[in-house]
Amino acid sequence: MSNTDLYTASDYEALLQFLYLVPVGLVQTTLGGEVLLLNAMSARLLLPVSPDGSLDNLFTALADVAPDLRALAQAFTQPYGVVCESLRIPLQPHPGQPALGAAQPQVLSFSLFKLDPTRLMAVLNDATFDVQREQQGLARRLNAAARVDNLTRMPNRSVALEHLQRILARNVGATGDAGPEFAVLFMNCDRLKQINDTAGHAAGDGVLGLLADRLRATLRSRSRFERHNGSELVAARIGGDEFVVLVDDLARADHVHAVAQRLLDVLAKPYGIGPHQLHCSVSMGIVLRAQARGDADAVLQSASIAMVEAKRAGGARYVVFEPAMQVRAAHRADIEAELRRALAQEQLFVVYQPVVGLVPAAPADGAVDRTSGVEALVRWDHPARGVVLPYEFITVAEECGLIGALGDFVLASACRQFVQWRAALGPQAPRLLAVNVSRAQLHQPGWVAYVDALLRSIGMDAAQLQLEVTESLAAQDESVQARLHELKALGLTLALDDFGTGYSSLASLHLLPVDTVKIDRSFVCQADTSQHHRVLIEATVRVAHSLGMATVAEGIETPAQAAVVRELQCDKGQGYIFSRPRTADGLVQWLRTPVDD
Ligand code: C2E
Ligand code: MG
Ligand code: MG
């Protein structure tokens, strides 16, 4: 025996030894799967799943967990080559066999090679850890995705809640002035819905993305220059157009005003989206440590209540939460729930107040044109409280999105009623119907077409309808202006309601697409006692007339007020002196038989 042979033999021996002990399962079989050779690892992997507890045949041993293997091998007709590679086979014990222990392999990686025309070689690996690692990676990625808002790449609501909970937990026990100050800033975009409706959802998303960038940049700069170590400053997107900023490093509670104002200023700058410069201010509610009650959810809720107050006050501002707001919010929520029921159960109804023609050369008795027109005003026949006036529920209806349904109900009822009067009373019927319109109705997609279809379906001439909009609404952005022009194109007219109380001045009256100006009651009620108010009414009438607009004096209560507005050439008047708002039947009576109110 040569040295080389000796060396080779021992090497071969060592190799066999190695192959037997290597932590990879190796099984050599016939083409039918009868086992010719197998090492220790393959026995360990295969035995627990083998249906008959034996390892005579590889395919039989794996029959339960990989029943197609035999067919796969038979289908491989080449003399040698790879039959299959790295198949993942989940391992389950054959029924009757003991369950697999946690330390036992759970998943097999299986490869099968044809060595020559008569033999197969299977290579088996324990893939349990690989699979677990993959699953953990996937879970991590899913978890990360569940914590980050896709659009803005900001942390989401659950992250904000966790941070807030941590801040609150740290403050448990800290009382009085002793604890560190923190603030929860809850922001809601003021005009995102309008942007989505008018410029499209892509533009809305663009604004949200830029808004998030600005938030991040503002907070980063603050953290670089002003913050203490170890404190947290988190900005998160917690809903469609809602963001939250948690500031827990305030030296004093009143420092929050500067932080809030800075954020409002930065976020209110125009957003350049494609060719558009879009404006989207935010309203902000703030909860300070002293008012933070309950868990993170409750604190966010308080901040959101303060945000709603900021919106109610006109938006683009911040409001610091006070407990009284909670009571008001609960009251509003009650009204909202009841109002939903009221709409469904038809508790709402419409009353009509005459808008009379003021004959310029007034006869001594102050006669008026009674058939000039009526204004439709909504009422709520509350089951417990009786008739409720609009100031108690119109704002709530606007805030909770019910105003669209409410307004459309009033419009449809009033138009139907008007047509009935025309048919029943002929020349004694009112000639014009005025209906109040809210912002939400104007923004409803397709609303102009709805009005058009309504008028057609009930056979009412558009020229007989006047829609009343408030100054603040009429003076709004281009989209509202466009909508008003579309309405006018139907043939109806527009009136500017409550003139004098809002934004626009006489100088900008010519910019608004209105046909009639209704001078607010607050001027009219002092027409006969205050020279100042008298002059204002006179100026309004003159400017309106010079622009071809008609004028109505609202809220006339006394003969003296009526005489003044008549003298100042006001075209029409409305007020208790002529008639209070009446039911449809009551109005017919008033038209037929003049009665004093
Ligand atoms: P408005 O459109 O300015 O309606 C005139 C309001 O003044 C009515 O109050 C009317 O009853 C009241 N009024 C009329 N003459 C006199 C008077 O001589 N003295 C006094 N003190 N008040 C007088 P009302 O019905 O309570 O409605 C209040 C406001 O609610 C309306 O003001 C309007 O802005 C809103 N509103 C009423 N109905 C609707 C509706 O269907 N839709 C919408 N969006 N708003 C409505
Ligand atoms: Mg009105
Ligand atoms: Mg008014």
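Two strands pair if DSSP finds at least two bridges between them. Helices (H or I, at least four residues) and strands (E, at least two) are DSSP runs, numbered from the N terminus.

**Before starting.** I am working with a predicted model, where local features need pLDDT of at least 70, side-chain atom pairs count only at pLDDT 80 or more, and totals for chains, interfaces and linings use all residues. Residues are numbered from 1 along each chain as its sequence is written, chains are lettered from A and ligands numbered from 1 in the order in which they are written, and side-chain values use heavy atoms, with hydrogens and water left out.

I asked which strands pair with β14.
- β13 (residues 348–358) runs antiparallel to β14, with 10 bridges; Val 351 stands opposite Leu 377 of β14.
- β15 (residues 386–388) is antiparallel to β14 over 3 bridges, with Asp 381 opposite Val 387 of β15. I noted that β14 and β15 form a hairpin with 3 residues between them.
- β16 (residues 433–436) pairs with β14 in the parallel sense, over 3 bridges; here Val 374 faces Leu 433 of β16.

I then checked α10 (residues 296–312) against α11 (residues 323–344): they pack at about 75 degrees, with axes 10 Å apart. Axes are lines fitted to C-alpha atoms, for helices over the stretch in contact, and angles run from 0 to 180 degrees between N-to-C directions. That makes α10 roughly perpendicular (65 to 115 degrees) to α11.

Note on methods: Parallel < 35°, antiparallel > 145°, perpendicular 65-115°, else oblique.
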